Structure formats: C-alpha cells, structure tokens
Amino acid sequence: MSYAELFCQSNFSFLHGASQPEELVRRAAFLGYQALAITDECSVAGVVRAHSCIEQEGLTLQLIIGSLFRYGDDLQLLLLCPNHAAYGELCRIISNARARSEKGQYQLDLWELRKLQHCLIIWLPCGTAASDDYWGKWLSQRYLGRLWLGLQRHLHSGEHHYRQHCEQLGEQWQIPICACGGVLMHSPERQNLQQLLSAIRLGKPIAQLGRGLSSNKEACLRSIDKLLSLFPEPYLLESLNIAARCQFNLGELKSLYQYPAELVPKDQSPGDYLRQLVKGGCQKRFPNGVSAEVQAIINKELKLIIEEKYEYFFLTIYDLVQFAQRNNILYQGRGSAANSVVCYCLEITAVNPEKISVLFERFISKERKEPPDIDVDFESQRREEVIQYIYQKYGRQRAALAATVITYRLRSALREAGKALGFAESQMDFFIKQINRRSPVPWPEQLQGAGLDLNSHQSQLLVNMVEQLRGFPRHLSQHVGGFVITSGPLYQLVPTENAAMPERTVIQWDKDDLETLGLFKVDVLSLGMLSAIRRSFALIENRHRRLLSIAQIGALPEDPDVYRMIQAADTVGVFQIESRAQMSMLPRLKPACYYDLVVEIAIVRPGPIQGEMVHPYLKRRNGEEAADYPSEDLRPVLKRTYGVPIFQEQVIQIAMVAAGFSGGQADQLRRAMASWKKTGQLHGFRQKLIDGMLKKGYQRDYAERIFAQILGFGDYGFPESHSASFAILAYVSAWLKYHYPLEFCCALLNSQPMGFYSPAQLINDARRHGVKVLPVCVKHSRWDHRPEADSLRLGLRLVKGLSQAGADTIAALQTSDQIEQFGKLQQQLNRRDLEALASANALGVFAGNRFQARWRSAERECELPLFAELETKQSEQSQLPYCPSDADNLLEDYASLGLSLDHHPIGLLRAQGHFGRCASSNQLADKRNNSLIRVVGLVTGRQSPGTASGVTFITLDDEHGQTNIITWAATAQAQQQAFLRAKILEVRGVLEKANGVVHVVAGKLIDHSQLLESLQAGSRDFH
C-alpha cells in the first residue's frame, strides 16, 4: 500500500508552512509515498526546488504541481495539474488573482473558477452546512469527473462530526472522497516553529493565540501505517488514482520555452542577422583589421550560438544596449559576456578579448545545455528607463522580473521571534544593537553579556527558534534586474505578480530556479559608478570641450601618473579599489597596467585568501621568487598569474586538467560554487578533486589548498571576465580622479548614494587634492552640486529637510532674479524649508550667521504688502548680538548638511586642548615602525570581511586625512561598547608600516563621543 499526499504547503506559503520544499520531498520519499503535491497558496514559488531535489538526488517520488485557493471565508480548493494545459491554466489563475491585489495578497474571481477546463479540483469543505451545500452543488454541476472532496484528519476535538459531514456531502453530490494530509511540516519536530510562524503572521504573541494554534503535531507527513489507521483504504487509493492522472513534469518547460523573434528582419534568418551585426561591429571595434586568431574565435562562437539556437538572446541584449546608446545611458556588460568576442563586437562589453584570456566555454558549451548568462550594468539612476523600455516593447504579459527570495537573517529572525515569544520590543531592540555579527563569539553569548538569561526556558526557546528561522523565506521581492522575456504569455511558464514598486511585475521564481529549468534571463543591472562617470563626461565636455567615453579612455596609452596614484592607495571614490582592504593591497601589488588591475580586483576576495594564494602571487609578481608550475599541463592555465590560481575560471580549469573533471562535472562545480551557501553541495566535490589530483601526481597539500580556494570562491569569488569588466571602470574612474578631480568629485556627489564614502569624506578628499569647495548658498546653489568658476559649489540636495518643491521654488526665483529679495523667499517657501535653509547656513547672504537667518525667517510681517517697505528697517533691528561659537556651527553643519567646510570635529577639539598626545594622520608616515602610538578620529567605517578571521578594520577621519585601525576580535569583544558605539574614537596601539601600508593595531579603545555629544555623524559599518 502506498499513498499520494495531495495537500502540502511548504515554507513558500509564507508564515504558514514550516519546512523547505526539499525537506518535504525527501521525507515523503523516505516514508514510501508514491507522489507529493506541493500546493502553496496561490503560488508555485517552491516547486522548482522540490523538482530539482528529486532530480539531483534520484528520489523515487512523483512531484505534482498544484496550489491552494480561498474564495471568501467558506470555499477552499486545491487545483492540481495533470498536463501542461492545466499548468498554464493554473499559472494564469494565479497571475490574475495576484494582479488584482497589492503585493503579497491575491483576490480570486469566480469567473476564473467558471472557466476552469483542465485542472483537477479537490474541494476542502469548511464544515458549515449551508455554505458547503451551496458550494457542493455549484462545484458538482461543473466539474464532475475531475472533482474530489478532500478529507483531512488532524485528530482535533469533534473531528468525527466533520468526517460525517464530508461523507454525507460526497454521497449527496456524488463527489468521490480522497485523503488529504493538510501538511505544513515534514516532521512533527517543526511544530514549535510552525506555531511561531503563525504568531508572526497574526502579529500576536503565541501566548495570546489560544485556539488559533494547532493543538497537536498532526499537520506533518505521517507514515503510511498511521494513515491507514486514520483513513479508509479507498480514500488512500483514490489519492493514487488522482496522482496517476497528473503526468505534468516541470522539465517540460525547457522545450516549450520560446524566445521573442520580432527583433529579426522578416527577410533574414536570426543567424544571418546576427552574423551581419557582428561583422559591422567587428569593423568598428577593430578598425585596423581583425587578427586571424580573433576571427577564428568569432567563427567558433557564432557556430556554437547558432547550433544552440541562442541568436535571439544575443539580439535582445544588443537591442537593449542600442537603446541605451540612443538615449545616452552609460552601460557596461560584465561577467560571462567578457568571455565572448561576439559580445565585444556587439558593443555589449568594452573588454577587449585581446587583453584577457577568453574562455568562451564558461559562457556557452554544448555539454552544459544551459542558456548563456549576460549581465549588463546600466547607470543606477537611469536603469528604470531601460526596464520600462522592455515592458513597452514586450508588454507585461511577456516580460517580468525574476523574484528574489528574502530570507530571515539573524537580526530579523531575532526581532520577529522575540516578539512572538512575548519579549518586549524595546528589549529586543536593545539586544539587537549589542550584536556584532562579525564577532567570533556566538550571538547567544553576546546577548548573555548584554543581560539575557540563557538558563531561562523562554531564552532557550528564543535561541532555538531563531536558529530554525534563519534562512527561511520571508517573502518574495524583485530581483535586482533579471528579466524573463517570452514569445507568448508568461503564464504558460510561470505566474506573475505585482512588485512592491509601481510599474513592476515579477515572476514567482528566483534566478536559481530559472537556471535549473534552463530558461533565459536577461540581467538589467544597475551601477552607481556608471552614473558618476557619465556625469563626469558631461561636465568635462561642458567645461573643457572634450568628448570622452569609456572606450576612448581605455584606448589611450596607459597613464603612469594614474597608476602612481593608484599604487599610493590614493583611491577614495575610485570604483572597486576604494575599500580599506583594497587600499592595503595596492602598495603591495603596485598595479602598473590594466591586467594588474584585473588581478587587484580579484585577489582581495575570499577565494585567493582562503586558498593561501595571495602571498605567493605577490612574491612572484614583485620578483622575490620565480614562477612555479605544479605541472606542464597547468602552465597554460596559470601562466598569466605566475603559476598561482587567482580567478574562478582557473580553478575550474584546474579541476578539468589536474583532477580529470569532465566539462559537465566542472560546470556542476561552478554551479555549486555559485550557490553553496544555500545548498552546501560544494563539500561533495572535495574527495573527487583531491583523489583526481593525487592520481595525476599532484601533492596533497596543493590539492587541499585548491579546494580551500574553491570554498572561498563559493563565498565570494571573482571570475577573470567579471574582474576584467570592473577593471575598465576602475581605471576610468581613477583617470578621471587624477585628471579632472573637480568634475569627478562633483559627479560622485550627484550620484549618491553609492560607494564606500560619505559626501563629507569625498569633499574632504577633493579639498586635499586642491579642489576649492564653496558652501551651500540660496543665491548660487542649484539642487545638484556644480562647478562654479574653478570651484565646486555644493548643492541644495545636501540640505536635510529641504523639500524638492522648496528647491524648485528657489530655482524659479534664481531664474527670475528675484532671489535677491529675502521677502520673496519668505513668501514662497514654507516655514520648514526656511528653517532647513537657515540651519544649513544657506541664508547667510541675508544675515550674518545661521542664528540671525533663523530669526529673520520667523518674521512674517513682510508677507503683507502694507509692511513690505519696512523689510530693510526690520532686518536692521533683527540683528542679534549673539554670535554662534565654532562648536555651535560645527554641530549644526553636521546636523543640517552631514559635513562642515569650516571645521573638522577633531581639529576643533584639538584647538580646544583635547588629544594633545594623539598623533594626526599626516604624522604617521614619519613615526617609527612598531612604536606605541595614540590616534584619534571620527569613525567613518567599520569593515569586517568574512576572511579576516574576526579582524575589524576601522577607519578614523581627522582634519588631515584617514587612519586605518586593525582591531582583533578579542580587543573588540573586551571593549564592545567603544568598539560598536563610538563616534569619536581614540585608539592606543602599535604603529605598523610595511610596503607603503601604514596602520595602527588597536590595544585600548576610548570613546570620546561625549565631547561633542550632539554631533550627528554616521559611519558605514559592516557592509
């Protein structure tokens, strides 16, 4: 005797189901079920993961696709898919129901039910006689032959009455009865978690829910013997009859998927049209002619693209970048696209294949039988134009964004679990603020130090529930830019729903699910640096009459002055090489050409660090030791990096060359690296890799280090193609910073938020590079920052509290030359905008200081025409004798603008006699190595990379520059309050200097924030 469970909700029925789809199918297979239906409510979000688990693990279990629906309070139906027509029908119903409601909700229409033609239907009676009689008649009149009544047994009080009621309904309306489990968890051990999820969903503590919670653990996958004791055997057999009719498999979608064909002229084949475009682009990219080697690569790529029928995909990306070019939207193809000369010729990427080692097989291969993946970054502030172009071109029925599954992380799990368990919100807020997520000390012990009694039952339950909740899906959000585009309606493949953002539609699967089913995804991503570069180009053209582009700068001879700036780690604001870790590496690696930047970007990552490849590379790069190759077979793989594997492609090639992996196995390794944090599958490759390398004569130590590097790449590794794409932008941004510092800083400020640094840090860095900065002024400032003569005028966008309408009003007054009259300003701006301007000292041209400006702003008599002529007299009488101190101005500058041009907090405090024994940042280079030192600064960043073994890098900013602090985990833990909370921090420690890198190893941390207690200065922490 077997069984098919037809009513099972995974945790993709958000805050209902308490088990992952993978857990459910594994358990069902273990129990000997013949089939399992995943029936999440108005959703198929979890089915791909169940399908993938069955396929990969070879489970003897049939997966049935279905969904639960509620109509009103008294009708519940399960719709199951016997074939693809039924699946398309189900997806259409879900899409329509979701489209009628805001994100996360749905509204089923009775019309949808009347039109059902293919789905099998299981009715779940509500137990109310009048309602069930009505719906029993309504359903039986329409669906007999594919309608069943689902009987559930959860051993609740009075359940025998419900069973009798259902059996009577079945007999009355001639509806066959089948057994249904109403499953919410794969194992009874998940009962506490299921109750916690219910409490979170209902917004009440568990203790207040009473009968709103299940009274037992029966909503789980139960043994067949247990089911035989609960249901008559015919009811169980009927579940198998239904399962036998459900022959649809998700794997069918790959063959049914068709890409839009309208981009190809009617008189041409897609292959011929693609060849034509590549030929034209080739002449543009290689004006002096194409080498035989490059032409051979082009021919090889085109042959494979056409054989695998990927032409439409390339043409779609080409169409998008052409739209961007027509509309002056800066873009850059990255990732796998840099492995393709075809992409270079189609102007999708600016990475010249002659400058890197092209590995097209990583992009497309016959063996993988997977669609290519092309990521294109567009300006972050203009990407929406590209997204709307896609919607307009293909319509919302044929184009939608992929979803991203938002999962519980520690802080969100702690907050919601604590609330559900009855902890006060203020208490949970306090605990969350005490957690240093980078600390090696487990979070429960950190909370114990903050006052949580780990011996109490409630606290133990909290810890247990938080650990179970972490990683659980919370809701669906939109992917950063992955589009699915089809030739027909999307609902034939997957349901869609409204995104939280207006004018956006998302599908119910994320990018990993799409890859599993082999569906095409077009990645329309955003990059803030592209906005900054485009703005820089516009400013340079306007001020210097010089037209620039990324490709043009890339084609110029490499500038040694720019590289000297990079080698000195003078890279604040420079793309990808501005972090503290990168700045520490730059003087050691000393990039002197484009390919050095490719390596620089990739080497400060977990992969090379965990594989212990960084120091060997630097020694060989700097000539301290000779390049060495483990074998001649690996020489071609590792030659460009002195015998040391740095890039993800190299590790994959090592697996093929040195461990005997086939192309398919190597690709499985690549995919495992991409998702190993979710799946943990990487460890399954360890033995095969090491055994393969040992068999071919490699040392075990080398094999172990290669696998450690693979684990690091799984955490966050860079392929060479990705790094090559980013290296172009790194060089261009550095070139702009060196040659046009005013325009580059202005563009960065107008492109905020982006990067590692606040506007205050960017402005201070520009001033150190000779840029004169003018304050915000209501007469001269526009909304954006802008060059003014040879200076940078700060814009109104910095003024906190100033509305966009107020800024528009100021712009209109400036245009009409009425800005000179303070009375006009008072008449047309509201009090809040006037106060914001006064606080920012933007009204200084009308008053001696911000306090007098605020006083004048409070005068309303001048709004009346009768008193307009008294304005001058009133303003003379309004001059206050009080003059704010430097400290007053500083605090208000930071409160209103986030920066001060007149004083730095540390410089001001030094002038007042504080920190006399502390060295300033510009004095450290002259201090003796390994000497004891005291430094102080404004905390602008705390970074603790996962590869740093608990080390945190703190950046302190003073009036002369920045100081880098290394804080060991034990130091941070012992002085946690100062470590986490200080705005002004004094550090007593040891100065270390090596290879041009200067930092202080912290010993004593002293919080001096009380010296400027109301200072509103933020820091970028643990990003």
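Leu77 stands opposite Trp123 in strand E5. The model is predicted, and local features need pLDDT of at least 70, side-chain atom pairs count only at pLDDT 80 or more, and totals for chains, interfaces and linings use all residues. Residues are numbered from 1 along each chain as its sequence is written, and side-chain values use heavy atoms, with hydrogens and water left out.

Strand E4 (residues 75–80) and E5 (residues 120–123) run antiparallel and are joined by four bridges. Helices (H or I, at least four residues) and strands (E, at least two) are DSSP runs, numbered from the N terminus; two strands pair if DSSP finds at least two bridges between them. E4 and E5 belong to an open sheet of seven strands with mixed pairing, in the order E1-E2-E3-E4-E5-E6-E7. Strand E1 (4–5) and strand E7 (177–180) each have a single partner strand, so one side of each is left without a neighbour in the sheet.

Contact means heavy atoms within 4.5 Å; axes are lines fitted to C-alpha atoms, for helices over the stretch in contact, and angles run from 0 to 180 degrees between N-to-C directions.

| Helix | Strands touched | Direction angle |
|---|---|---|
| H6 (residues 159–173) | E5, E6 (147–152), E7 | about 170 degrees with E6 |
| H9 (residues 233–245) | E1, E2 (35–38), E3 (62–71), E4, E5, E6, E7 | about 90 degrees with E7 |

A nonpolar core is a set of buried Ala, Val, Leu, Ile, Met, Phe, Trp, Tyr and Cys residues joined through side-chain atoms within 4.5 Å. Buried means under 20% relative accessible area, with a 1.4 Å probe and protein chains only. In the largest core, of 127 residues, the members touching the most others are Ile65, Trp123, Leu250, Phe314, Phe483 and Trp509. Helix H13 (residues 311–326) supplies the largest share of this core, nine residues. Another core, of 122 residues, lies apart from it and includes Ile566 and Leu834.

Leaving aside residues up to four places away in sequence, Leu250 touches Val47, Val48, His51, Ile65, Tyr87, Trp509 and Leu517. Val47, Val48 and His51 are among the buried residues of helix H2. Eight of the eleven residues of H2 (residues 47–57) are buried, so the helix is largely enclosed by the rest of the structure. Its buried residues pack against several elements, including helix H1 (21–30), strand E10 (399–407) and helix H21 (511–517). Gly58 follows H2 and has a positive phi, near 60 degrees.

Elsewhere, strand E8 (residues 331–334) is covered on both faces, with Tyr331 and Gly333 buried on one side and Gln332 and Arg334 buried on the other. Four bridges join E8 to the antiparallel strand E9 (residues 374–379), where Asp375 stands opposite Arg334.

Definitions and conventions
Buried < 20%, exposed > 50% of the residue type's maximum accessible area, 1.4 Å probe, protein only.
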